[in-house]
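Trainee: Please take a close look at one helix pair in this model. Then follow its chain out to the neighbouring chains.

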Amino acid sequence: MSPSLASDPTVPAYNARNYLNEPATGLKSWAFTLDHKRIGVMFLVATTVAFALGGLFALLIRLELLTPGPTIMDAMTYNRLFTLHGVVMIFLFMIPAIPSGFGNFLLPIMLGAKDVAFPRLNLLSFYLYLLGAAVALYGMVHGGADTGWTFYTPYSTTTQTNVVPILLGAFILGFSSVLTGLNFIVTTHTLRAPGMTWDRIPLFVWSIYATSIIQILATPVLGMTLLLVALEHAFAWGIFDPARGGDPVLFQHFFWFYSHPAVYIMILPAMAVISEVVCAFSRKNIFGYKAVAYSSLGIAFVGFFTWGHHLFTSGQSAFDSGIFAVLSMFVAIFTAIKVFNWTATLYRGSIAFRTPFAYFVGFLFFLVFGGMTGVALATASLDIHWQDTYFVVAHFHFIMVGSTVMAFLAALHYWFPKITGRTYPEGWGLVGAVLVILGFNFTFIPQFLLGNSGMPRRYFSYPERFWALNVASTAGASVLAFGLVTVLVYVLVSLRWGPIAGSNPWRSRGFEWDTPSPPPVENFDTPPIITHQPHLYHDVAQDPAQSPAPEPSHAR
Amino acid sequence: MNELIRGLLFLPEQLSEHARAVDQLHFFIITTTMVAAAGVFATAIYFFVRYRRRSETDVTPHVTPTAIHEVLFIGVPLFFFLLWFAIGFPLYVNLQSPPPGAMDVYVQGKKWMWKFAYPGGPNSLDVLRVPAGRPVRLLITSRDVIHSFFAPALRLKQDALPGRYTQTWFTADRPGTYEIFCAEFCGIGHSAMLGRLVVMPADEFDAWLAEQRRGLAQAQDAAPGPGEAVLSASNLVAEGQRVAAAQGCLKCHSVDGSRHIGPTWVDLYLRREKLKGGEIVVVDEAYLTKSMMDPGAQLVDGYQNVMPTFQGKLSPPEAAAIVEYIKSLKTPAVRSGPSEGPAYESIPRK
Amino acid sequence: MPAESAAAMSHVAHHFENAEKQRTAARLGMWLFLATEVLLFTALFAAYGVYRYLYTSTFSEASRHIETWIGLTNTVVLVTSSFTVAIGLHFATRGKGRLTALFFGLSVLLALVFLGFKAVEYTHHFQEGQLPGRFYTYPEVQGAGASLFFTLYFLITGLHGIHVVIGMTILTVVGVLAFLGKYSPAYHTPVELAGLYWHLVDLIWIFVFPLIYLI
């Protein structure tokens with residue numbers, strides 16, 4: 001860690017020749033770029049647009065649920081809306097946003113590399129994302145599916161709605177996911193800077209690496225499964241049709257074999273971000289580097305063997321249910337390890353309550369409750385009551401929104417200076433964080449209670465006794481939406497008018513802060529030589545230098 | 001205490017021993033969760049304050065865990081998780097092990113209604129009557145897509161699968177009327193697929209069952225041929241109304257002109273309907289009968305193709321009776337316009 | 001710098017330290033990709049396994065009503081094509097691009113033979129009514145699960161056939177490049193990777209053959 005950057009008292013410098021304006025500007029240079037940073041930025045923009053679309057669907061759903069009967073739409077539209085909300089949010093945002101967005105930008109820099117292993121494959125991954133999104137959007141515009149994002153057969157194979165384009169869109173998006181994962185694994189293995197042994201790799205990389213393993217192993221199974229549903233829908237081939245000897249529950253097994261590890265694809269990158277944010281904003285080394293690193297691998301591995309906990313009420317044998325229940329408990333242990341280690345990192349740290357840290361606090365709160373409700377669901381007998389009710393909806397939104405989206409926002413604020421060279425207004429950042437966290441609480445805590453009282457999910461109309469809690473949830477959703485819009489507005493403003501950040505406004509000891517902001521195209525002039533773990537704050541004077549300080553502008 | 005926590009958590013009443021046991025586990029877990037969460041957050045907040053940043057170049061000590069830390073971090077949660085599994089899993093197994101001698105009820109989920117049948121009769125639509133204090137085994141299947149039989153008061157749920165039977169069982173403590181929901185998305189009528197669990201005192205239930213079966217026996221004794229009902233012209237309309245209700249037609253077709261999943265039957269006879277392909281058809285006896293047997297063939301424009309076929313389910317006299325019933329549904333002012341588009345309204349339930 | 005290693009160096013991408021690292025990365029990437037292909041087929045094999053377990057006798061019966069000799073011939077053809085690919089790679093390591101192209105060409109030809117036999121088989125299935133789902137009209141094997149055997153048959157062999165076509169394309173492209181002298185003893189990674197892909201296609205067939213034709 002070079003001293004001159006670590007304690008930069010002078011006016012922050014904006015790196016004039018950076019990846020945004022080199023090798024060229026203009027649409028064509030971005031469309032054919034091989035620079036992982038540009039590809040990462042394009043993914044961030046695309047996934048943010050998807051998030052807005054999915055969020056709009058969510059708002060419409062909550063508006064409809066303001067009254068027990070029809071409010072602003074009919075049942076068919078409602079059924080399509082919750083299906084598309086799920087499809088857009090999961091396949092177009094949750095899975096790609098942090099890995100393909102922040103991962104693409106940061107992974108090579110954190111490893112001291114100039115790019116990912118296969119830059120052309122990386123660009124292909126982005127175009128496959130766009131293609132998959134386009135196909136799915138076509139389906140949405142031409143009727144859209146009404147099956148729920150889980151596409152359970154035989155409903156999905158017999159419904160009249162336009163399921164096939166959405167299935168095909170998800171299939172194509174799967175390839176995008178696989179290629180990204182493949183790229184990251186190879187990059188981590190072969191492009192580390194000299195001196196970077198496996199126990200010096202940033203924890204962000206560890207979690208992204210674990211995510212990538214899941215991506216390449218689980219996604220092909222989903223791809224095949226969705227294809228089978230599409231074939232059966234179009235040609236009645238009968239794989240899941242009991243009339244032809246097929247088993248509809250087999251679909252559930254195939255579907256959840258991917259989709260359960262998929263939820264770990266959604267949470268591991270969030271944990272990746274948090275490991276970095278916790279250290280930077282408490283100026284402290286992580287408590288238990290090995291535990292945090294290996295627990296990521298543990299989640300990835302054990303997560304493959306827990307899918308049956310989605311099938312407790314499906315007529316599955318008690319023996320199978322028991323095995324899946326126990327294994328689900330084990331997965332939760334790895335998360336517990338991380339939660340305790342992150343909290344312990346704060347001990348004797350130097351904590352600055354900036355916006356990324358505020359999102360970490362929200363993340364921690366929601367991960368504990370989201371995770372514990374997961375354990376409760378895994379006891380099987382409790383799941384009998386909660387399955388397919390709003391309790392499950394609240395549980396997974398606590399993790400997906402309360403944890404992953406919080407982490408996404410933490411990442412956005414933490415790395416905003418690195419990606420753009422500018423800062424956002426810290427006051428507004430905290431306002432946004434408070435609104436989002438409060439809004440989130442009021443949206444989803446009532447849903448736990450709704451589930452307890454028996455309200456099933458995917459219900460267009462509901463008995464009147466569920467009315468009050470639904471109104472509370474919608475009120476919360478409005479606050480959450482308002483908070484997110486606030487964030488969007490000041491982020492957009494700061495892109496153009498934010499004050500110059502300098503190379504390391506946070507004084508973080510993460511490796512990515514050793515480059516100027518925004519980074520030059522080649523990331524580094526000379527590859528850094530790594531002699532220690534990142535995020536070591538215990539002694540400035542004796543901190544061994546990583547490499548000569550990179551110059552803000554490059555003579556080439 | 002139990003009631004207090006149950007109320008705080010918005011849980012429904014506990015109608016069975018199983019429900020009580022499940023809630024006990026629930027309370028145990030949530031209490032532990034709250035305590036643990038409070039511990040973590042209290043620690044975190046303490047750290048936020050005690051170790052707040054004094055200067056941007058603060059130096060912090062390099063803290064590494066010792067073995068005991070990770071042992072505790074792993075061991076304590078693992079202990080609780082396995083404890084909860086040990087308590088919860090036997091409860092789950094218990095639900096899959098109905099006691100011998102439990103009374104069987106066949107449950108058939110179908111878009112969008114529940115049909116219940118007792119071996120030896122009777123059948124009923126949407127209302128499940130059971131005796132209090134006696135074990136009841138449900139044998140559940142589906143006619144079409146996956147549904148899920150959910151009785152919150154019993155903390156009971158089991159998927160209804162096409163092509164096979166699943167089973168579950170319960171013993172309801174006390175009389176009353178309780179909710180039954182469908183808990184697996186099954187299409188446009190999913191949230192309307194509501195049922196009622198009517199728990200009767202055991203002796204009242206026995207009496208009801210006996211009377212129902214007497215009525216059935218009488219009907220069977222009176223019938224001259226196998227399965228063929230004898231209907232005279234005068235009671236054909238009433239018979240048609242009875243069959244339409246029993247077969248569930250009225251779940252999708254209203255008889256008061258209101259919009260629903262299928263076209264309303266009021267003034268349907270001899271109405272000019274526009275079909276999906278654009279052609280106009282007059283709704284006569286032939287069209288009505290064909291609609292019952294092959295509903296998708298001449299679909300009215302603006303409606304979804306969701307009506308099941310009743311081929312083999314309705315005998316010819318029964319189909320004729322329904323046609324007569326439809327013919328009888330006329331308002332004084334004859335409307336000749338086509339059906340308006342489908343609209344769905346929830347069936348209000350308290 | 002000798003001409004060969006200059007040619008070798010020119011293909012090293014800017015973000016790789018040296019050719020060795022790039023080669024390692026390429027190989028690792030290929031193996032990971034092959035893992036994803038295996039998982040794609042695993043889903044189908046799992047479906048086959050489940051339904052075979054449920055309908056054991058019907059599946060065995062159905063298996064006896066397809067042409068085992070075609071399956072056997074195809075197996076021999078495909079294994080031979082793998083062998084020729086390996087020989088092609090051997091020559092690439094020696095810098096003999098034209099021989100590589102020749103043997104890759106042979107493999108493509110053999111693959112065409114494979115596809116030809118499959119076409120004959122499929123035509124036969126069409127004529128007999130041994131088709132998936134609601135198109136199944138084969139009278140000699142009836143009962144629960146009968147059509148399922150053929151649904152899975154078409155899915156598995158169809159997916160495999162698609163991969164054969166992809167493999168043929170890759171072999172053709174790489175073969176042409178080898179013929180044009182693009183590879184050398186120092187650099188022939190694409191030949192290696194193409195070979196790996198083809199061997200996987202072959203390996204998958206080795207599993208398909210006994211499952212579909214023999215048991």
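Mentor: I will start with the helix pair and then turn to the chain contacts. Keep in mind that this model is predicted. The pair lies in chain A: helix H10, residues 248-282, and helix H13, residues 355-378. Their axes are 10 Å apart, and the helices pack at an angle of about 125°. H10(A) and H13(A) are therefore oblique to each other. Their crossing is left-handed.

Now the residues. H10(A) brings A:Ile274, A:Val277, A:Val278 and A:Phe281. These meet A:Pro356, A:Phe357, A:Phe360 and A:Phe363 of H13(A). By class, this contact has 8 nonpolar residues, with no polar and no charged ones.

H10 of chain A also takes part in the contact with chain C. That contact takes 29 residues from chain A and 27 residues from chain C. On the chain A side, helix H8 (163-190), helix H9 (203-235) and H10 each supply at least two residues. The largest share, 8 residues, comes from H9(A). By class, the side of chain A that touches chain C has 19 nonpolar, 7 polar and 3 charged residues.

Chain B is the other partner to look at. Here 81 residues of chain A are in contact with 79 residues of chain B. Elements of chain B that each supply at least two residues to its side include helix H2 (17-50), helix H3 (67-95) and strand E9 (176-182). H3(B) gives the largest share of that side, 16 residues. The side of chain B that touches chain A divides into 46 nonpolar, 19 polar and 14 charged residues.

Notes
Residues are numbered from 1 along each chain as its sequence is written. Chains are lettered from A and ligands numbered from 1 in the order in which they are written. This is a predicted model: local features need pLDDT of at least 70, side-chain atom pairs count only at pLDDT 80 or more; totals for chains, interfaces and linings use all residues. Axes are lines fitted to C-alpha atoms, for helices over the stretch in contact, and angles run from 0 to 180 degrees between N-to-C directions. Helices (H or I, at least four residues) and strands (E, at least two) are DSSP runs, numbered from the N terminus. Angles under 35 degrees count as roughly parallel, over 145 as roughly antiparallel, 65 to 115 as roughly perpendicular and the rest as oblique. A crossing is left-handed if the near helix is turned anticlockwise from the far one by less than a right angle, and right-handed if clockwise. Two residues are in contact if their C-beta atoms, placed from the backbone, lie within 7 Å. Ala, Val, Leu, Ile, Met, Phe, Trp, Tyr, Cys and Pro count as nonpolar, Asp, Glu, Lys and Arg as charged, and the others, Gly among them, as polar.
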